[in-house]
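Hi everyone, thanks for making time for this. I'd like to walk you through some side-chain contacts, so please have a look at the screen.

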Amino acid sequence: AVVSTQSTGDGAIIDSEQYPRADIDLVAVRTARQQVIRLTNDIRGIMGRVESALYKLHELNPPQPDQERGRTAPAPPTRPVFLRVHGVLADSPAYLSGLRDEDLICQIGSLHKDNFTSLGDVAEIVKLSVNKAVPVKLLRNGTPKTIALKPRTWHGRGVLGCNVVEHTNIN
């Protein structure tokens, strides 16, 4: 309450001539600032203990795959295919992420058939996602799959090491 009534939470408590401002209660402001710092440190300590407890909990009870629990995971919903992988280099970021030649891409990040305009859209998503995992929904031999594609620099050309082309349905 003091911080809001005095309006100097992070503001200056001295005037242009380096004297304390007459319109504020300096003791109240300093006390309020100290309390904010103390509470911030308290919450950091609590969050650290919560994080440690969560790590210990997951070490004691590691998550099990759905098959071990007696359930089967539902197939991820698929959007229409709009890209086809045409060549994946060995040991490339695309290959290490699980992308394979002839995979049919339904969605890459937020990009899908309905908002796709050109291959430049794919290049933009890849450029913005260097060193970050991008979810890719694809079809491999008719089976839906989701992988985490992580573009990064490597010894080859580009940040993926694969080529994608627009998919055309041939019926």
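Let's start with F82: with a relative accessible area of 4%, F82 is buried. Buried here means under 20% relative accessible area, exposed means over 50%, and partly exposed is in between, worked out with a 1.4 Å probe and protein chains only. Before I go on, two bits of housekeeping. This is a predicted model, where local features need pLDDT of at least 70, side-chain atom pairs count only at pLDDT 80 or more, and totals for chains, interfaces and linings use all residues. Residues are numbered from 1 along each chain as its sequence is written, and side-chain values use heavy atoms, with hydrogens and water left out.

Back to F82. What does the structure hold in the way of aromatic pairs? There is one, and its two rings are those of F82 and F116: their centres are 5.0 Å apart and their planes sit at 55°, so we call the pair tilted. The rule is that rings of Phe, Tyr and Trp (its six-membered ring) pair if their centres lie within 6.5 Å; planes under 30 degrees apart count as stacked, over 60 as edge-to-face and the rest as tilted. F82 is in the loop between α2 and β1, while F116 is in the loop between β3 and α4, so this pair ties together parts that are 34 residues apart in sequence. F116 is buried too, at 15% relative accessible area. In case you wonder about the names, helices (H or I, at least four residues) and strands (E, at least two) are DSSP runs, numbered from the N terminus.

Now for charges. Side chains of opposite charge can pair when their charged atoms come close. How many salt bridges does a search of the whole structure find? Five, where a salt bridge is a side-chain nitrogen of Lys or Arg within 4 Å of a carboxyl oxygen of Asp or Glu.

One of them joins R79 and D114, with the closest N and O atoms 3.9 Å apart. R79 lies in the loop between α2 (26-60) and β1 (83-88), and D114 in the loop between β3 (111-112) and α4 (119-128), so parts that are 35 residues apart in sequence get tied together. R79 is partly exposed at 35%, and D114 is exposed at 63%.

Another salt bridge links E124 and K127, at 3.7 Å from N to O. These two are three residues apart in helix α4, so about one helical turn separates them. E124 is partly exposed at 37%, whereas K127 is exposed at 56%.

Then there's D23 with R21, where the closest N and O atoms are 3.0 Å apart. D23 is exposed at 56%, and R21 counts as partly exposed at 25%.

What about disulfides, meaning pairs of cysteine sulfur atoms within 2.5 Å? The structure holds zero. As for individual cysteines, C106 is buried at 0% relative accessibility, and C162 is partly exposed at 23%.

One more contact: the charged end of R100 sits over the ring of Y95, 3.9 Å from the ring centre. To count, NZ of Lys or CZ of Arg must be within 6 Å of the ring centre and within 35 degrees of the ring normal.

That's my tour, so over to you for questions.

Key
Disulfide = S-S within 2.5 Å.
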